[in-house]
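This briefing is meant for a reader who is meeting the structure for the first time.

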Amino acid sequence: MSSTKPMEPPVIRFEEVVKSFGTQRVLDGLTFEVRRGQCLAIMGPSGTGKSVILRHAVGLMKPDAGRVLVEGQEPSKLKPRELAVLRKKIGFLFQEGALINWLSVRDNVALPLRENTRLSEAEIAAKVEEKLDLVRIAKQSFDKMPSQISGGMKKRVGLARALVTEPEIVLYDEPNAGLDPEISASINDLIREVQVRLGTTSIVVEHRVACIKTVADEVLFLEKGRAHLQLPPKEFFSSSDPRLRQFLGPNPD
Amino acid sequence: MGIWTTISGLGLALGLRLELFGAVLARLHDVPRRRALIAQELYGSAIQTLHVILLVGLFIGMIVSLQTGIELARIGQQDQIGTIVAVSMAREMGPFITATILAATVGSAMAAEIGTMSVSDELAALEVLSIDRVKLLVLPRVVSLMLAAPLLTVVCDAIGVLGGGFVAQSQLNVSWQLYIDSALEALRTPAQFLPLPKDVWSGLLKSVVFGALVAVIGCASGLQAHGGALGVGRATRAAVRDSIIAIIISNYFMTWLLYQS
């Protein structure tokens, strides 16, 4: 993917962000930015704070030091109402989908619209159907409960819920975790399709090379809580950086 | 250091529960919009614990009747069994037993359900979606238990009095008619501002408070859960323990307010 837009201003910016849990420093002066319309993939060893980055971007966590800026605002310093307004611009796909287990597929996707808008039930139903179609969920699954659908479907429904409010930014936390290669490929195509069709800015935390090659405009390699390398996928995977080569192993695909 | 840590921990837990209760009160205007969820929770809490209330209430009434009946029979006062069973069920045993059963069944389930949502990122998802989790998760549960507790208390009171009557008649040679008459007479103490006898409405008032306590503590424990299945287990245990402590302490103060003054 080479559709990076260097002229676009940064939508998400981390400036020297530090975050510790107990005595373990997970982020240690992390600096990077994501420009409007760009898809940044974040890669790195387990426990280096990849998911922590996403949680900072939506204000679920506060940095110990440094600044996180999203659309020019610091989520951790916003008042609840201001944070709610900012969060309406962000969609978040959690690792397991994080569907509400007592609501059907349809009601899960409708939930943010029912709770936060004054749309009629007919308007909500139309939007829900549109987004479930986009993520290729068959109509006969609309009334199933989360416990009745597969892991891949849960992620697709989670993505439909993240997209139903038409966010400008979408954050993906390991969208391929626990999925077989075929379903992973369909999720990757979906992420790319969402980005192209809706023009979203995205961060994808992912380990799988195939996913990154499909969706990313740039790849950031995280090492010891810092940005070790940030390059477009082609240059990234052909880089001779010894730490990256050690991480990717002899057969990165 | 250990004592201060414990005290500060208790203070924090109490503060969080009070804060949650305040948040529920501030959102009471949303009750009509949540009526479907409230009805669903009410069904879950009332119907699904009814058989336990019936069984435990029956035996509590029988125990009270037997224990007091044996002593009263020694002084030839067994005619008063109906009075004692009816008053003790309506004032104390009914609300207390019902609340304890609700804490062990419904309160623990609330903590487990919300705790599981917490450790599986469902609560984080609600937060990211800017969905008010107090309105969605806590308010329906608190309101439903504030309705279920007095309804179940009435059932517990009634079955307890019936159980007491069965023991009085079969083991203490008190006629059914005499037992029922003395029980009803005891509950006729007029109230100043309500059509119900004081012993009945004071018991129902207690049960409403107990219902709110059990639900708020159950939900708060669930919301604070972290650390996977172990965390859910800890939250469930804390919910039951803290609910029973809160029921007993608040029971003393309500009894003092309602009867001593």
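Among the contacts in chain B with a separation of 6 or more, what percentage is accounted for by residues 24 or more positions apart? In this predicted model, such residues account for 85% of those contacts in chain B.

**Chain B**
- The secondary structure of chain B consists of eight helices and zero strands, and its pattern along the sequence accordingly reads α-α-α-α-α-α-α-α.
- Taken along the principal axes, the box filled by the C-alpha atoms of chain B is roughly 70 × 45 × 35 Å.
- Chain B has 261 residues, of which buried residues make up 46%.

**Where the chains touch**
- Between the two chains, 15 residues of chain A are in contact with 11 residues of chain B.
- On the side of chain A that touches chain B, at least two residues each are supplied by helix H2 (80-87), strand E5 (90-93) and helix H3 (105-116) of chain A, and the largest share, four residues, comes from H3(A).
- Sorted by class, that side of chain A has 10 nonpolar residues, together with one polar and four charged residues.

**Confidence in chain A**
- Chain A has a mean pLDDT of 89, and 96% of its residues reach 70 or more.
- Over residues 1-5 of chain A, however, pLDDT stays under 50, although the model has 14 contacts beyond four places in sequence for these residues.
- Where pLDDT is low, the predicted coordinates should not be read in detail.

Terms used
Residues numbered from 1 in each chain as written. Chains lettered and ligands numbered in written order. Predicted model: local features only at pLDDT ≥ 70, side-chain atom pairs only at ≥ 80, totals over all residues. Contact = placed C-beta atoms within 7 Å. Nonpolar A, V, L, I, M, F, W, Y, C, P; charged D, E, K, R; others polar. Buried ≥ 20, exposed ≤ 12 C-beta atoms within 10 Å, placed from the backbone. pLDDT = per-residue confidence, 0-100.
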